[in-house]
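This report describes selected features of one protein model, element by element. Please consult the sequence and the structure shown below while reading.

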Amino acid sequence: MNLLNTVPSSAPPCPSLPLRTHSNLSKSLQFPYPKPSKFTSYGARLCELFDLHQEQVPYEVAWSWQKDIVKEKKAQLENEGDCSDTLIVLQHPSVYTLGTASTKDNLNFNINNAPFNVYHTERGGEVTYHGPGQLVLYPIINLRRHKMDLHWYLRTLEELVIRVLSLTFSIQASRVEGLTGVWVGNEKVAAVGIRVSHWITYHGLALNVTTDLTPFKWIIPCGIRNREVGSIKGLLLREAQSSNMAANGTNDLHSIMHDDGGLIGITRNSLIEEFSKVFQLEYRHRTISVPMLYERNQSDIVTETQQS
């Protein structure tokens, strides 16, 4: 199993877009929001897209599903020498997850009496929170066909979010030296935590869109003290209040800031559009229902029990 801190790299991150201020913010939002176009380019790879962005998929169900897909891709690699890529987009019900670097010191509650389920995972990083209003991307891709460099991969996931915030919302976001994730000022709006096995990625990134940030107060997010957590909605509302935009005829902006589903839809479209561009992928849309995922998860549990 390959871990981030075992793979040195001197490759520079992909260049960032020029970052804009919040000016002309209402012009950046399109109503109704458009469907993302396919990214088509000579040599673009195929990517299966499972779009469940309106669904709340239990963490353990999505986690098991990812591991099944990784297993299938490893078999495909062994048999055929290559495999297609997969992108899963969804939300989770409230849950805390701990990465390989996690310690209980960063939990502000008794783990035996936790406010939500807590899962110890194999992804890198510390403790974080997932919940409604947060868009989670799980890219399961073969880095052999992109770039076999985990630092490059992490920086590219961050760049994806920076582009989305800049192009779609005119929000100026950046990286923080020595830390993973995407920041707007002192607020972390996106967390990144990955695992790579035989150069196939899983886990991924979580972007706070309309998330209730209260549960973050019960942990030290990502083990980082003296910094805050933010969301797209919170940033937009704050900007609207400071510039009095809502009172100056920007009805579309005022409407979308009070329409959580619309804001999530706009963000989802921008995320998968920019993901296709930065990784040069063309989507094949696939469907699966949450009940099917439940059945699949229960089948895996039964199989593991029988084997043990």
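## Cysteines

Cys222 is partly exposed, at a relative accessible area of 22%, whereas Cys83 is buried, with a value of 3%. Buried stands for under 20% relative accessible area, exposed for over 50%, and partly exposed for the range in between, using a 1.4 Å probe and protein chains only. Zero disulfides are found in a search of the whole structure; the criterion is a pair of cysteine sulfur atoms within 2.5 Å. In general, a disulfide is a covalent bond between the sulfur atoms of two cysteines.

## Basis and confidence of the model

The model is predicted, so local features need pLDDT of at least 70 and side-chain atom pairs count only at pLDDT 80 or more, while totals for chains, interfaces and linings use all residues. Residues are numbered from 1 along each chain as its sequence is written, and side-chain values use heavy atoms, with hydrogens and water left out.

The predictor's confidence in each residue is given by pLDDT, on a scale from 0 to 100. The protein chain averages a pLDDT of 84, and 79% of the residues score at least 70. Residues 1-35 have a pLDDT below 50, yet in the model this stretch has 76 contacts beyond near neighbours in sequence; a contact means heavy atoms within 4.5 Å. The pLDDT is also below 50 over residues 37-42, a stretch with ten such contacts. Where pLDDT is low, the predicted coordinates should not be read in detail.

Helices (H or I, at least four residues) and strands (E, at least two) are DSSP runs, numbered from the N terminus. Strand β6 spans residues 134-140, and seven of its seven residues are buried. Gln134, Val136, Tyr138 and Ile140 point one way from β6, with Leu135, Leu137 and Pro139 pointing the other way.

Two strands pair if DSSP finds at least two bridges between them. β6 pairs in the antiparallel sense with β2 (residues 85-91) over five bridges, and Thr86 stands opposite Ile140 of β6. β6 also pairs with β9 in the antiparallel sense, over four bridges; here Val136 stands opposite Ala206 of β9.

## Leu205 in strand β9

Leu205 belongs to β9 (residues 200-208) and counts as buried because its relative accessibility is 2%. Leu135 lies 70 residues from Leu205 along the chain, with 8.4 Å between their C-alpha atoms.

The loop between β6 and α3 (150-169) contains Asn142, a buried residue with a relative accessible area of 1%. Apart from neighbours within four places in sequence, Asn142 is in contact with Arg45, Leu77, Asp82, Cys83, Asp85 and Trp199. The side chains of Asn142 and Asp82 are joined by a polar contact of 3.4 Å. A polar contact is a pair of N or O atoms within 3.5 Å; within protein, one must be able to donate a hydrogen and the other to accept it, and residues adjacent in sequence count only if both atoms are side-chain atoms.

## The β4-β3-β5 sheet

Three strands form an open sheet in the order β4-β3-β5, with mixed pairing. Its edge strands, β4 (118-120) and β5 (128-130), each pair on one side only. β3 (residues 95-98) and β4 run parallel and are joined by three bridges, with Thr97 opposite Tyr119 of β4.
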